[in-house]
Amino acid sequence: MKISVSHSSPILLLPRMSNAMKAISTYWIVCILFIASNVSHSQTRALHPRGIIGATELPALRAKIKKEPFNTMCRNLLRVAERQQGQQIDRPYDPYADGDLLGVQSYLYLLTGDQSWAERAWVSAERVLSDSTYFNSPLSRGLTRARLLQKMALAYDFCYSAWTEQQRSQANERLFGVMFSVNANMGHEANYAIESNWMGVRYGSVILASYVWDHDGVSPERSPALPLRWDANKRLQDHLEKVIFANGWNGESMSYHVYGWTFIGPALLALKKNIKGFDMADFVPETVNTLQGLMTSTVAIEHKAGVSGIQADLSDDDLMFTTDGLLGMAFNLYPADQQAALKWMHDYLLQTKNDATNDDGQLFYSMLYYPDTLEKQNPAQIGWLTYHDPDQGVVITRNRFRDENDIVVTYNAKATEIKGHAGADINTFRIIGMGVPWVIGSGRTDLTAGQTNLFPNLEETAEKNNRRLGKLHDYQFFKDGQGGYAIGSGSCVGTEDHRRILYTSFDSTSQAEAVIVVVDHSSNGRRWRINTPEFTQLVTNPQGYTLFAPNGSSMRVQFMGTSGPVQLESSKLPYGGHTTRHNNGIWYQGEVYSHSRYIDFYCQGSVTAVITLQSAGKSHPRAILGKSGSIISIADLQLTLPTHPED
């Protein structure tokens, strides 16, 4: 049913009613029908694509996929589509799988111009358009609804010229309704704090959809999408200013930054495409620092088969780094002085010569923007071996950028916390290196047991994060990527007066790949705990223990100043507190592990631990503590530890 109204009529649009809302008043039903007529698709052919790429760019894009590395990327995308299409035949509708397939099919039509991909995209589009649980339910889970909005917007924009007028009209009408509902709310389950990743997802999807949706074309300056776009632009800016700190670290976590960027990135691309002179650095200046922190902390270790990237699991986070198009989009958005280093990281992590890519097809953005003629540059050459964020108290040291055996040590004082994803990781550390995540946290949970830290007796230990603030007192980076130290204090697990020094050295005179010294003092610390993935093998000795990884590399922990054999206890814990669809454990080398292993060293308030990393087949050098307690010798290396300001 269509109701004709003038274009000067007020705009008040609500999306199609879900079954749960059929009892709504007649007044609102009339409003919905009244407004639907104002967003019907014009019979006049509109100009598409125009959201993140223009129609005039298509010939060059379609030509370049015939050469490398774009041809390999395209073949990867074809394999993803073929695999997902086969799965679609045998399963019921799934909003994530069908939405992702819709995206991949529309990407392939844009890249190839092959009509069959647009036809297959319409099959997936029909499944989404008939979804009454999420897509057409205005109070449904907003993350799912926004994801479908984004995929439908891209498919409509990319496949416009190949879809029939009836298909375009059907998709276009629903686009506005869902865009309106996402801009209005994210459902009952949402975190509505402006810094929450929910808000990046929300406003990013609305901005993109607002640029591809077509109104009647009679009065473009009065487009009903404009108020939604203006509001979403401001709200997205507010979100980024709140969640990204001065040096680029995301206050929820870097893993959530990557997830949020699957929506924020395309929105920024649309803004840049459609606003002359748009610059991400002007929109929110802090964003230009984000990739340094993320790249410094990430090592190209395979987790899911064919997908590389292990990062520190700080906050409510996980270990797996999946690019989700982040680096591909960065080639279009980030400053010129970072481009060569970002290209190096792109190849390091994505390994574009391999056949694998993520199921959502986000390598598409690399196909759009990858700078094939630019000479890449090792990130070490622009200072990315170290990173510090003063607001979050994050200090990162890295030995090199080379391969999966790179070593990264991350310290987190957690001086500032953002609600919703604040893990129990105050005054803690992580170690990744020699192809292994050795020292990890608890994953996506606020339970404290899975954390690496100094704990009191069991009865005094907080079960969940008590949100007490930590403090970073001092830090220093050594020259030429040789390490550094961080000094902090605080506890969220119940440890009183916890002061910590974390000292890292990559000096080869130690005869180890890395030396990490942890010095702790406290009033009631009794259990010095690290958590490690369950696939490492524990071998104890009188001075501590050694962990061995499947690749043969090892990490030794030696406790200094102890009298007699050390007392240890070890057991397993569910990673992330429990495993679910979105929290299924630790992925490593194509296998998933549901548990971490904690190892407790029983102490009396103070601990000095020397950790060394070695490659397969190499023995660990012995550490010797000097009489003063501030000098430690490891082979030919002598370390002088700093003094904690509170001691």
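This is a predicted model: local features need pLDDT of at least 70, side-chain atom pairs count only at pLDDT 80 or more; totals for chains, interfaces and linings use all residues.
Residues are numbered from 1 along each chain as its sequence is written, and side-chain values use heavy atoms, with hydrogens and water left out.

**Figure 1. Overall dimensions and secondary structure of the protein chain.** The chain holds 15 helices and 24 strands. Helices (H or I, at least four residues) and strands (E, at least two) are DSSP runs, numbered from the N terminus. Along the principal axes, the C-alpha atoms fill a box of roughly 90 × 55 × 45 Å.

Figure 2. Of the 647 residues, 61% count as buried. Buried means under 20% relative accessible area, exposed over 50%, and partly exposed in between (1.4 Å probe, protein chains only). Contact means heavy atoms within 4.5 Å. Among contacts with a separation of 6 or more, 70% join residues 24 or more positions apart. The chain exposes about 24,300 Å², and carbon and sulfur atoms supply 50% of that area. Areas come from the Shrake-Rupley method with a 1.4 Å probe; for residues, only the protein chains shown count as cover. The mean positions of the 58 positive and 64 negative charges lie 3 Å apart. Lys and Arg count as positive and Asp and Glu as negative, while His and the chain ends are not counted. Each charge is placed at NZ of Lys, CZ of Arg, CG of Asp or CD of Glu.

**Figure 3. The nonpolar cores.** A nonpolar core is a set of buried Ala, Val, Leu, Ile, Met, Phe, Trp, Tyr and Cys residues joined through side-chain atoms within 4.5 Å. The largest has 165 residues. Those with the most contacts inside it are I52, W163, W261, W438, W528 and M555. Helix α6 (residues 142-159) gives the most to this core, with 11 residues. A second, separate core has 16 residues, including I487, I501, V519 and I632.

Figure 4. Leaving aside neighbours within four places in sequence, W163 contacts A118, A121, W122, A125, A155, Y156, R168 and A171. S106 sits in helix α4 (residues 95-112). Its relative accessible area is 0%, so S106 is buried. Not counting residues up to four places away in sequence, S106 touches A121, L154, A155, F158 and C159.

Figure 5. N427 is not a glycine, yet its phi is positive, at about 60°. N427 is found in the loop between β5 (408-412) and β6 (428-433). D497, also a residue other than glycine, has a positive phi near 55°. The loop between β10 (483-489) and β11 (499-505) holds D497. D497 counts as partly exposed because its relative accessibility is 48%.

Figure 6. The bond from H48 to P49 is cis, with omega near -5°. P49 belongs to the loop between α1 (26-36) and α2 (58-64). The bond from E68 to P69 is also cis, with omega near 0°. P69 lies in the loop between α2 and α3 (70-89).

**Figure 7. The setting of Y588.** Y588 is found in strand β18 (residues 586-588). With a relative accessible area of 3%, Y588 is buried. Beyond neighbours within four places in sequence, its contacts are I301, E302, H303, G435, V436, P437, F535, P550, N551 and Y593. Y588 and G494 are 94 residues apart along the chain, and their C-alpha atoms are separated by 32 Å.

**Figure 8. The setting of G481.** G481 lies in the loop between β9 (471-477) and β10. G481 is buried, with a relative accessible area of 11%. Not counting residues up to four places away in sequence, G481 touches L385, R398, N399 and F506. From G481 to A380, the C-alpha distance is 8.2 Å, across 101 residues in sequence.
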